Amino acid sequence: MWLASIILVLSVVTSVSGWGAGQTTIQHRLVTPGSISGRVTLDDTNGPARFAAVSIQPVEPSSSVADAAKQKDGDPGILTVSRIVRTTVDGSFLISHVAPGTYYVMVDADPYLSAAGLLTREQLDHPTKKIADLMARLLVPVVVMSGRNSTADVRLHRGGSLSGTVRFDDGAPFEASVRLFRMEDKGVWKEFHAHLSGGNASVDDLGRFRFVGLPEGSYRVSATLSVDEEFMSRRRTTIEGWMSRSLYSLQIYSPNTTREKDAKIYQLSDGQDEEGVQIEVPLGKLHSLAGSLVEKASGRPINAGHVSVLFADDGKELMSTDVSAEDDAFHLAFVPEGSYTLRVTNARDADRIEVLNPSGAVPPSNTKEKTLQSFGQTTQSITVTTDVQGLLIAVPSSNHTDAAAVVSPGADSLP
């Protein structure tokens, strides 16, 4: 239940003089919640917005709302929405049991602009002129009074779109995860989600994708090429547990580059539909890279560590992976042709024990690891033009020996 039908407000009163000085009494005041009703209309057709998601955001956030916004993904500006109602077939909606106060009514529906995707809590509290104009376009303020219904009608404005295909360089479609990036203030690129549901664009079996509800601005798109490890627990036809973790991944930016700086920029005007966006995965120029870590002084193998692939010219990370416990080697399957710096961190000798989890749990086991000896960091230059196997990276010794336990995800330390 959103709120109780009757809200009980407790007022604390302390006597400071006269009889009963210093005594505290509690006064009870009953507050009847109100409600908000209205209709959502599509600006381009004047028709009803059917089954659109309607939510409210307090104009003056409570401390709990503000704290939740600060904790959400480490971003102090994320709007938090705790309750959503859907419009009916005629576009009408009713939000009941609303505490008295002043709210913004927000509506989320494809392919229209969504305040939840475009505005942050910080922007609502401290809007610039540009943001104030956007708020006036997307938000409807409403005052809720005790025991009364307030009306708020909303018009949705159609956003722009980016659509296209993801294919391998041999023409085969690729059902990839496609991500969207938008240029924010001061030229900073951030991943962008236009709606409450967030997430990446779905790609069909023909490799087609489409982002909708986009405001005017500059955009980049990328497809993710990844190697994942998946665990599933199934009982007959019921999936009881599922977990996936990425071993490593590579972003392919439109049209066919692995470098963000070389990605094509799509400039959308208000309501513009940009079609024909192409992302091509250049399989013919991707190579495998595998090798092992050895101690520089003795040449003996090291069975754990983290290996990152950095662009040689600017030091930005392309991808990374861990030394595998299966064969004490690192494996990267999709390294583009080019010059790189390999960086080794957290190199260590590790003692591992595989422990079974309870029946039906995912993953089915976890690794208990204890670090026996730690090593220093190192870098090594490499130019990739073909597959590279059996690469050895010499890691300097370190005087530091860490006997503390290092635990893999979901694992316990060794005794």
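Visitor: What is the relative accessible area of Asn346?

Guide: Asn346 is partly exposed; buried means under 20% relative accessible area, exposed over 50% and partly exposed in between, with a 1.4 Å probe and protein chains only. This is a predicted model, where local features need pLDDT of at least 70, side-chain atom pairs count only at pLDDT 80 or more, and totals for chains, interfaces and linings use all residues. Residues are numbered from 1 along each chain as its sequence is written, and side-chain values use heavy atoms, with hydrogens and water left out. For Asn346 the relative accessible area is 47%.

Visitor: In which element is Asn346 found, and what is its phi?

Guide: Elements are DSSP runs numbered from the N terminus, helices being H or I with at least four residues and strands E with at least two. Asn346 belongs to strand β24 (residues 338-356). Its phi is positive in a residue other than glycine, near 55°.

Visitor: Why does Asn46 count as exposed?

Guide: Asn46 sits in the loop between β3 (34-42) and β4 (53-58), and its phi, near 65°, is also a positive value in a residue other than glycine. Asn46 counts as exposed because its relative accessibility is 56%.

Visitor: What is omega for the bond from Asp110 to Pro111?

Guide: Pro111 lies in the loop between β7 (101-108) and α2 (115-118). The peptide bond from Asp110 is cis, with omega near -5°.

Visitor: Which residue does a cis peptide bond join to Ser254?

Guide: Omega of this bond is about 5°.
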